[in-house]
Structure formats: structure tokens, C-alpha cells
Amino acid sequence: MIIDSHAHLEMERFDEDRENVIKRAVDSGIEIILSVGNAEPEKGSMEKAIELSEKYDFIYTSVGIHPHDAKIFNDKYLHKIIDYCDNPNVIAIGEIGLDFYYDLSPRDAQRGVFRDLLIMAKEKKKPIIIHSRDANRETEEILKEYYKDNEVGGILHCFSGDLKLAEEGINLGLYISFSGVITFKKAEDLRDIARKLDRKWILVETDSPYLAPHPYRGKRNEPSYVIEVAKKLAEVRGESFEEVAKYTSLNFRKLFKM
Ligand SMILES: [Zn+2]
Ligand SMILES: [Zn+2]
């Protein structure tokens with residue numbers, strides 16, 4: 001059994017065959033999917049994700065505003081997120097963070113939303129799911145200022161930062177989640193980081209429908225492909241697939257107290 005710690009199953013790209021995708025995940029031995037509900041906030045992704053988590057008992061969700069959407073953040077979204085936190089299927093706040101690679105929202109807006117939602121997550125005692133791209137030091141600084149002494153931890157999802165960010169994150173109680181990127185030819189630096197981390201802090205995810213791992217690269221990703229991520233991680237770290245599947249699942253359950 002294995003857990004996909006980050007997918008976006010509510011997205012339109014799954015509208016045609018969502019049930020089959022979920023069935024394939026179950027048939028492949030995926031025991032839990034954290035289907036993060038903020039890919040398309042203007043299309044109601046939070047609501048759709050919550051609905052999905054209510055339909056399947058092994059699907060959980062989270063609510064937040066992606067750094068790409070920081071520019072549309074307003075009180076309406078803040079209050080929605082606060083309200084949805086009371087739903088037992090909403091197990092985290094996220095994804096939130098900084099994306100200075102795409103820069104789809106002004107950086108100041110990204111920083112502002114990140115800070116606001118970190119403060120809220122801390123108050124609500126919800127773990128956080130962080131998206132950080134090309135913003136290693138800035139992510140670290142904001143986390144250190146607004147999320148130190150948190151009691152619940154979280155995830156640095158689809159990790160693509162440097163070793164320092166991974167280590168600083170772990171010091172703050174954040175797990176490091178590896179995605180299909182670890183299977184990409186050019187990701188040698190990332191594989192080096194994966195070799196060095198203590199297994200106590202490692203998770204695996206698909207981030208589907210994005211970032212399908214080799215040999216599916218370029219196709220739509222789906223939770224069952226998390227197996228390819230775990231296989232690569234096992235190869236890189238000199239462990240068996242079964243070991244990786246087991247400890248990443250235990251880590252996930254520890255974080256979310258399941
Ligand atoms: Zn992300
Ligand atoms: Zn995501």
C-alpha cells in the first residue's frame with residue numbers, strides 16, 4: 001500500500017474518466033489520496049474537492065490559494081477557507097507559498113497571501129502544504145517568521161528546492177514530498193538531495209494531472225503513477241520499493257494523525 005500525498009483530482013482534466021482514474025489508483029494499491037483543492041479557485045475547485053472527499057473515504061482534501069492565484073485573493077476566499085477548515089475531510093491548508101519561476105502573481109501579493117494563510121493555519125492548527133519554486137531563501141524566511149513554533153507541521157510539496165531549504169523545512173517540522181520530477185533525466189541535484197534525507201521526513205506524490213513521471217512523461221498524470229515515483233526513490237536511496245511505500249505511508253499518517 002502507498003499514499004499519494006498530493007493530487008488535483010477535482011480538475012476538469014479528470015471530468016471524463018475520474019471514476020476510472022480513482023479505480024485504477026485503488027487497484028494499484030493506493031490507500032489514501034490527498035487531493036489538494038485549489039488548482040482552479042474561480043471554477044470552484046475547493047468545493048469540488050470537498051465533494052470528492054465526501055464521496056470516497058480514502059480521499060482527503062485541503063484548501064488554500066496557490067501563489068499563482070495570489071492576485072485574486074480577497075476576503076471572500078479567506079472566509080471560505082476559514083469555514084471549510086471545520087470540515088473533517090479538510091486536513092490541511094494549501095497549497096500556499098511562492099512561485100518566482102512563473103511569477104503569475106506579483107511577488108508582493110504572493111508573499112502577502114502566504115503570510116496570511118500561514119497565520120490562519122497556525123490558529124486553526126492545520127498542517128500546511130507549501131508550494132515553493134525558485135524562491136528557496138524567501139520561502140525559508142517567511143516560514144521561519146510565521147510558522148516557527150507551530151504544533152502541526154506540514155509538507156514542502158513537489159520538492160524542487162536546494163538541500164538547505166529541505167533541512168530548514170525539516171527543522172520546522174515539514175516533510176519533503178518528492179514527485180515525478182525525481183524520475184526526470186536532468187534532476188540529478190534533486191536525486192542527490194533525496195539520497196541525503198532521513199527517511200523519517202520523506203513523502204511521495206504525483207501532483208497529478210501535472211508532472212507525470214517517466215515512462216509516462218508528457219501524458220496526463222494520475223495517482224496510480226505514484227508507484228513510479230516511489231520506485232525511483234527506492235533506486236536512488238538503495239532501498240526496496242516496499243520499504244519506501246511503507247515509510248512514506250507511515251510518515252503521512254503520523255503527520256495527519258491517522
Ligand atoms: Zn504546487
Ligand atoms: Zn499541486
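1. Cys158 is buried, at a relative accessible area of 12%. Cys85 is buried too, at 5%. Buried means under 20% relative accessible area, exposed over 50%, and partly exposed in between (1.4 Å probe, protein chains only). The structure holds 0 disulfides, a disulfide being a pair of cysteine sulfur atoms within 2.5 Å.

2. This is a predicted model: local features need pLDDT of at least 70, side-chain atom pairs count only at pLDDT 80 or more, and totals for chains, interfaces and linings use all residues. Residues are numbered from 1 along each chain as its sequence is written, chains are lettered from A and ligands numbered from 1 in the order in which they are written, and side-chain values use heavy atoms, with hydrogens and water left out.

3. Which residues hold the zinc ion (ligand 1)? Its protein donors are Glu95 (OE), His131 (ND1) and His157 (NE2), lying 1.9 to 2.1 Å away. Donors are N, O and S atoms within 2.8 Å of the metal (3.2 Å for Na, K and Ca); water is not among the atoms, so sites may look incomplete. The donor spacing in sequence is E-x35-H-x25-H.

4. Glu95 also coordinates the zinc ion (ligand 2), and the two ions are 3.5 Å apart. Glu95 sits in strand E4, and His157 in the loop between strand E6 (154-156) and helix H6 (163-171), 62 residues apart. Helices (H or I, at least four residues) and strands (E, at least two) are DSSP runs, numbered from the N terminus. Both Glu95 and His157 are buried.

5. Tyr101 lies in the loop between strand E4 (90-99) and helix H4 (107-124). Tyr101 is partly exposed, with a relative accessible area of 45%.
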